[in-house]
Amino acid sequence: MRAWAVHPSEHRVELVDRALPTPTPAEVLVKVVATGVCRTDLHILDRELPPHRDSVIPGHQVVRNVVAVGAAVRTLKVGDLFGIAWLRSTCDTCPWCRTGRENLCPNSEYTGWDADGGFAEYATVPEPFAYRLPEGTDPLTTAPLLCAGIIGYRALSRASLPPGGRLGIYGYGSSGHITAQLAMASGATIYAMTRGEQNRALARDLGATFVGDATSTPPDLLDAAIIFAPAGELVPYALAATDRGGTVVLAGIHMSQIPALDYEHDLFNERDLRTVTANTRADGAAFLRLAHNLALVPQVTSYPFARVDDALSDLRSGNASGSIVIAVP
């Protein structure tokens, strides 16, 4: 099969030929239909996340059809359409797994980092970590929901945004624009601070009350803010823009160095600074149901499978707004 793997010495992917993967008894073999491109894929390419597997195939927002099932698989059958997200496996025995916090499992593994992901024609996945998708699902607009959407949902839940509150979003890319739609559906007012005129135009089109560059000061104090950009230098800006008792959430798996914070100026008056670490399967299932009921549709730019490297380059440079998705023939 054809696949795009991390180059062994350069910060890019290369097109390779790989043997068709063989599923274990608890896995299914799938034909990839569409794969979202995520900032995490760039962190893996750039070694900002330490390599877990040599020449791994990235891609972890994947819509797939089952083509073969392992002997122990019970709920999936050939032809089923389902989604694969970042979290691939957990131990199920540690204190975090036993208390519903499997995203903190120290033995967790991830699609496109510990195991080959969706920048390929075929892949395998453990049955318990597959999300069944409803009939009529559009693979291209569903793929970004499987990471950008799920992580945005968890970040929003950790933001403690009051009903009808003012939410600042720093970085209006794939996660940012999906989360904004989710928050606005509950009555929130959105303030978007982001680089790139394409992303700022998208924020205006989707109804943001205020749109500025990444370090702009919004005209009103925020009840909460989520930083999706992997830029630690934005943390003081977000804290300064957040009202007393507000919460700032850092939603990335990697972030550049955060400047020194002044306790009285930045954190006093009970401002909370919180992080997001992956997601639980319960997060994914709850968000996908909500997205279906609200008919959330990401803004998608589609690339053919032959241009995965171009898609990653455009994500890096900010040349495409919203979500980038690879259509696999």
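**Exercise 1.** Into how many nonpolar, polar and charged residues does the lining of the second largest pocket divide?

*Solution.* The model is predicted, with local features needing pLDDT of at least 70 and side-chain atom pairs pLDDT 80 or more, whereas totals for chains, interfaces and linings use all residues. Residues are numbered from 1 along each chain as its sequence is written, and side-chain values use heavy atoms, without hydrogens and water. Step one is to sort by class, where Ala, Val, Leu, Ile, Met, Phe, Trp, Tyr, Cys and Pro count as nonpolar, Asp, Glu, Lys and Arg as charged, and the others, Gly among them, as polar. Step two gives the division of this lining: ten nonpolar, five polar and four charged.

**Exercise 2.** State which element gives the largest share of that lining, and which residues lie nearest the pocket centre.

*Solution.* Helix α9 (281-294) supplies the largest share, five residues. Of the 19 lining residues, L133, P134, T137, L288 and H292 lie nearest the centre.

**Exercise 3.** Describe how helices α4 and α5 cross, and by which residues they touch.

*Solution.* The axes of α4 (residues 148-158) and α5 (residues 174-185) come within 8 Å and cross at roughly 55°. That makes α4 oblique to α5, since angles under 35 degrees count as roughly parallel, over 145 as roughly antiparallel, 65 to 115 as roughly perpendicular and the rest as oblique. The contact (heavy atoms within 4.5 Å) is made by A148, G149, G152, Y153 and L156 of α4 with S174, S175, I178, T179, L182 and A183 of α5. By class, this contact has six nonpolar, five polar and no charged residues.

Methods: Axes are lines fitted to C-alpha atoms, for helices over the stretch in contact, and angles run from 0 to 180 degrees between N-to-C directions. Helices (H or I, at least four residues) and strands (E, at least two) are DSSP runs, numbered from the N terminus. On a 1 Å grid over the protein atoms alone, a cavity is a set of points where a 1.4 Å probe fits but cannot get out, and a pocket is an open set with protein on both sides within 12 Å along at least five of seven lines; lining residues have an atom within 4 Å of a point.
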